[in-house]
Amino acid sequence: MIKIKNLHKKFGKLTVLDGLDLDIEKGGIFAILGPNGSGKTTLIKCLLGMVVPNKGEISFQGNNILKEWNYRNNLNYLPQIANFPANLSVIELIKMVKNLRPKQANEQELIDLFGLQPFLKKKLGNLSGGTKQKVNLVLTFMFDSDLIILDEPTTGLDPIALIYLKDLIKKERDKGKTVLITTHIMSVVEELADEIVFLLDGKIYFKGSITKLQEQTNQTNLEHAIANLISKQYVN
Ligand code: ADP
Ligand code: MG
């Protein structure tokens with residue numbers, strides 16, 4: 001579904017992506033992991049055309065994305081930091097996003113699921129971080145797309161909302177969708193990920209199932225397995 005070849009991205013002198021290669025097959029949940037600042041968000045933004053790479057190729061469903069934009073109709077994106085207009089109400093924002101996309105939207109079920117009904121007329125600037133994140137989730141999941149990209153979707157969520165989010169993600173997988181998710185919460189990775197994609201030093205340092213990671217590192221605990229991946233890198 002996604003093929004990335006030799007992707008390079010620098011911000012000034014800082015090299016963030018350094019010849020990164022990655023293939024994402026269609027269907028399943030891919031957890032994109034890596035230390036803070038390892039380039040997860042930059043990689044996602046390159047996929048979205050929001051960051052232009054210095055070098056490399058990206059194709060989505062067989063088409064080179066650097067030359068055309070239509071592919072973006074077929075993906076949903078939850079940004080790590082949502083900059084909502086503070087003076088707009090929740091319902092105004094939802095309507096605005098619906099009008100921007102030429103697609104059927106199903107927002108009502110999600111509004112009910114996350115208990116957002118009492119907040120619909122409130123201004124976004126007055127909401128708590130967790131409630132804003134729930135709005136962010138409604139905007140992402142209300143459209144039907146083949147690819148769903150979630151950059152730190154669990155930020156600020158209460159435990160019940162987290163359960164609902166995990167269920168939503170599993171439902172998308174069951175429909176054959178492809179989900180890319182970044183998170184630092186290992187229980188989420190353990191519960192959801194079909195594959196782990198681990199970024200380090202601007203490249204994909206590991207890609208494979210949790211079982212493969214456990215075998216390769218000789219660690220059953222996921223946090224330890226990942227720590228082991230990183231420490232091996234520094235020893236070598
Ligand atoms: P991650 O999502 O893995 O935490 P990011 O992709 O956000 O990492 O950032 C990778 C590195 O690139 C960080 O050091 C960050 O400060 C830097 N960076 C990201 N975006 C920009 C930008 N627009 N300008 C300058 N530096 C940036
Ligand atoms: Mg990030």
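Trainee: In what order do the 4 strands of the open sheet stand?

Mentor: Heads up: this is a predicted model, where local features need pLDDT of at least 70, side-chain atom pairs count only at pLDDT 80 or more, and totals for chains, interfaces and linings use all residues. Residues are numbered from 1 along each chain as its sequence is written, chains are lettered from A and ligands numbered from 1 in the order written, and side-chain values use heavy atoms, leaving out hydrogens and water. Strands (E, at least two residues) and helices (H or I, at least four) are DSSP runs numbered from the N terminus, and two strands pair if DSSP finds at least two bridges between them. Here the pairing is antiparallel, and the order is β2-β1-β4-β5.

Trainee: Which strands are the edge strands?

Mentor: Look for strands that pair on one side only. Those are β2 (14–24) and β5 (63–64).

Trainee: Which residues of α2 are buried?

Mentor: Buried means under 20% relative accessible area, exposed over 50%, partly exposed in between (1.4 Å probe, protein chains only). On the other side of α2, K95 and N99 are exposed. The buried ones are V90, L93, I94 and V97.
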